[in-house]
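User: Please take a close look at the aromatic rings in this model, and at the charges and ring partners around them.

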Amino acid sequence: MVDSTSVPPLISSVFPSIHTISELVITPLHADDKEPEPKVPGSEEEVSYEIGFRLSPGRPGSVDEFNIGGFGNEVDAVIRLTRDKVYWIFPTISSTLPSNVDTQILLVRLRSGHAAAVLPLTTPLYMGTFRGSQFGTVVARFEKDSKTNSSKTFASVVVSFGSKIQDVVRNVVDSARIVRFGKPGIPRQLLPAENHIFTNTLTYCTWNSLHPPTLPTSNNALATLRYFAENGIYPTSFLIDDAWQDYGNLRLQSFGSNPSFLDGMEHLGQLVEQAKTVYGVKRVGAWHTIQGYWCGVEPTNFIEKYRLVKVTKDGYPGPFEPAGFAYYIPHPESVGAFFDDYYATLAGHGITFTKCDNMASLDNLITAVEVISHHKGGRETLGKPVDVPSIRHSYKMAIKNAAEKWFGSDEGNVIWCMEMSPRVLLGEEVGMPHSPSKRAITRNSDDYYPDQPDSHRYHIFTNAVNALFTSQLNVVPDLDMFQSHPYIRPQIDGTPPPAIQSSDDYEQAPFHAAMRALGAGPVTLTDVPGKTDPTILNKLIGSRTEGGRSVALQANASPFVSNQVFDPSLLDGGVGKALRVFSKSTVGGMIGFWNIRKSDGVVEDEVCLADIDDLLGYSWKQEKVVLFSVMTQDLQVIEGQGAESSNPGEMKIELGPFGFDLIAVTPLLHVSPSSTFSVAILGLVDKYNSLAGISNHEISENQAGNATLRINYICCGAAGIYVHGRNGPKSVRASVDSKPVSDDDIQIIPQTGGHLYKIDLHSFLKGRVEDKPLSLELQISTTVQE
């Protein structure tokens with residue numbers, strides 16, 4: 001037992017009874033490879049600890065549990081990220097942990113002002129999680145994945161403390177790497193950027209698109225692509241989701257395709273070819289589950305070529321199958337050949353990426369036995385038991401190896417879905433490799449449900465909170481698909497049209513589209529054929545060649561939340577605050593405000609100086625910044641010098657049900673020390689993420705005090721530049737790609753202290769064929785030019 005005086009006070013403030021656990025080992029961790037951010041005066045340095053729990057000898061599947069007690073009185077609020085379903089993590093603001101499902105990480109706010117993150121590790125030896133006890137206390141739980149003979153084996157929980165929850169979560173994951181790999185962490189600059197094959201492009205997925213009343217057929221998928229093209233929308237990627245495979249009784253029958261999906265085509269390759277040649281799609285992907293199909297494979301069809309195992313599952317919530325359900329999957333020694341052959345078949349049809357679903361269901365497996373023979377009618381001969389942990393490892397490696405062999409080594413050639421198990425997110429194969437080289441794309445939340453109005457608010461909350469954790473792993477969080485139109489209710493043939501419900505009119509489409517603009521993962525559309533709303537979609541995408549592929553204006557790094565997310569009233573009804581979502585940019589950043597309040601709750605809020613601190617850090621207070629509302633087009637200049645974070649709000653935010661706003665926060669740039677004016681680059685102000693439209697910029701000044709501002713934009717749109725100063729410019733002239741901009745395409749809007757210039761770039765798209773950024777040059781003169 002550790003003496004209570006030897007437990008660091010910060011750990012005791014969270015778990016005051018943890019010292020009662022015998023043979024506990026607590027070790028300070030030092031990640032000295034990170035650049036420290038300037039601290040608020042009086043705040044303490046960030047610190048992390050490893051807490052070691054001695055495991056008992058045991059076999060795979062056995063569990064050690066340690067009751068670490070309840071939360072201390074110093075704990076003000078807790079967010080638990082819990083696997084309420086075996087394959088998804090759900091954030092909940094609650095200090096009570098369920099006893100029957102696993103909590104992956106705890107986020108804690110202390111009354112002292114500190115924030116903390118508590119993360120159980122998962123290694124090849126064990127899977128670590130938290131559960132609740134019948135007494136309301138917290139239990140650290142370690143399920144063994146390998147036999148432990150020695151009593152010297154320890155399992156670890158890492159805890160980090162600091163002032164900002166976004167920094168604390170980053171530190172706890174960095175500290176987990178220190179513990180896992182026995183070295184001073186992986187420097188932040190070496191963690192791969194969130195780039196992948198889908199970056200800044202649009203993807204079309206068939207999943208919700210081809211639900212009743214629309215049949216899942218290849219021709220209906222092509223009809224959607226055709227309607228996109230008629231409205232100037234050109235996806236780069238096309239994902240063929242569930243329903244295309246040859247399946248029966250929820251088992252995979254062959255590597256072929258479902259005839260009803262092919263709808264007259266001979267094979268899948270014909271659909272791929274038409275999508276590419278007719279509609280300009282560059283990449284086509286195919287969906288499958290980690291088992292082949294939902295309930296594995298048809299044993300009589302595969303046993304002649306591949307060794308098989310018969311597995312049974314437990315009763316962890318999520319899957320529709322009951323506890324004890326048995327099905328057939330490839331043997332861990334044959335699964336490599338199975339997926340190599342399957343991916344070779346897909347590649348032969350022109351498929352270049354996959355979406356691998358139902359990943360975490362491998363956690364459900366409790367027994368596995370080799371199948372020696374299997375005959376129609378169910379007669380079979382079973383052999384020796386198979387190690388269940390070997391199935392989990394070999395399946396992930398089989399997918400990775402087959403994808404790299406047949407699709408190449410590009411980031412994102414597999415989208416890992418229903419994968420939110422510690423064995424995936426913290427495992428060496430996907431989320432925490434020993435030496436990160438590229439990030440994997442992993443789904444970040446439960447599905448987008450267009451038919452469930454109450455799901456939309458929580459979907460935004462889930463993605464914002466989960467991304468705080470998942471983006472620090474070696475993955476890119478995928479916020480899931482969405483539709484640009486209201487929900488289309490199915491109609492059964494011969495029956496009256498379904499009654500229109502009030503929820504059908506909810507503005508869920510822009511609500512989701514705006515959130516995707518702050519994500520770094522794939523931007524995926526799943527519209528019903530003929531129902532796309534370009535007015536919504538055009539705020540998320542743009543073009544830079546006439547008739548060219550659509551460019552998605554999205555963040556280059558995943559969003560994060562601040563300590564404000566601990567507010568338990570965010571999801572309540574009535575009047576209250578908005579959920580804040582932050583996204584950094586090459587020029588400042590964006591703050592999103594979402595009304596996630598239930599029923600018809602409304603938001604009355606404001607942009608505070610503390611919000612700017614959370615986005616830009618404290619150093620911004622040496623300068624001035626501009627706040628620009630994308631939704632209202634309001635603009636305000638904020639003086640940083642001498643400003644206090646506790647000051648009243650600087651810009652009012654008022655949102656009705658399903659309302660949101662996106663605020664661009666960008667610095668005022670000095671042309672030179674002697675200049676009489678400064679400028680703020682607002683990006684493409686007709687887009688949700690206006691700052692994502694900026695590729696790069698530069699400012700120069702001549703001897704006469706006149707400035708030249710050059711900005712490259714990744715696509716067309718309405719370019720916004722604010723010029724600030726009492727003695728502002730006498731004239732502003734603009735050109736795009738060296739072609740002069742007419743006065744009709746420049747809108748000048750007076751502001752307090754300056755002028756906002758909006759320059760329409762759309763007219764320069766006609767006849768443009770070179771696929772490169774649009775270059776805007778602005779000549780700002782302090783003297784009148786003839």
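Analyst: R283 lies over the face of F198, at 5.8 Å from the ring centre, where a charge counts as sitting over a ring if NZ of Lys or CZ of Arg is within 6 Å of the ring centre and within 35 degrees of the ring normal. R83 is placed over the face of Y316 at 5.3 Å from the ring centre. This is a predicted model, in which local features need pLDDT of at least 70 and side-chain atom pairs count only at pLDDT 80 or more, while totals for chains, interfaces and linings use all residues. Residues are numbered from 1 along each chain as its sequence is written, and side-chain values use heavy atoms, with hydrogens and water left out.

Because F53 lies in strand β2 (residues 47–54) and F66 in strand β3 (residues 63–69), the pair ties together parts that are 13 residues apart in sequence; strands here are DSSP runs (E, at least two residues), numbered from the N terminus. F53, at 2% relative accessibility, counts as buried, a term that means under 20% relative accessible area with a 1.4 Å probe and protein chains only, and F66 is buried with 13%. W287 and W294 form another tilted pair, 5.5 Å centre to centre with 50 degrees between the planes, and both W287 and W294 are buried.

Notes
Helices (H or I, at least four residues) and strands (E, at least two) are DSSP runs, numbered from the N terminus. Buried means under 20% relative accessible area, exposed over 50%, partly exposed in between (1.4 Å probe, protein chains only). Rings of Phe, Tyr and Trp (its six-membered ring) pair if their centres lie within 6.5 Å; planes under 30 degrees apart count as stacked, over 60 as edge-to-face and the rest as tilted.
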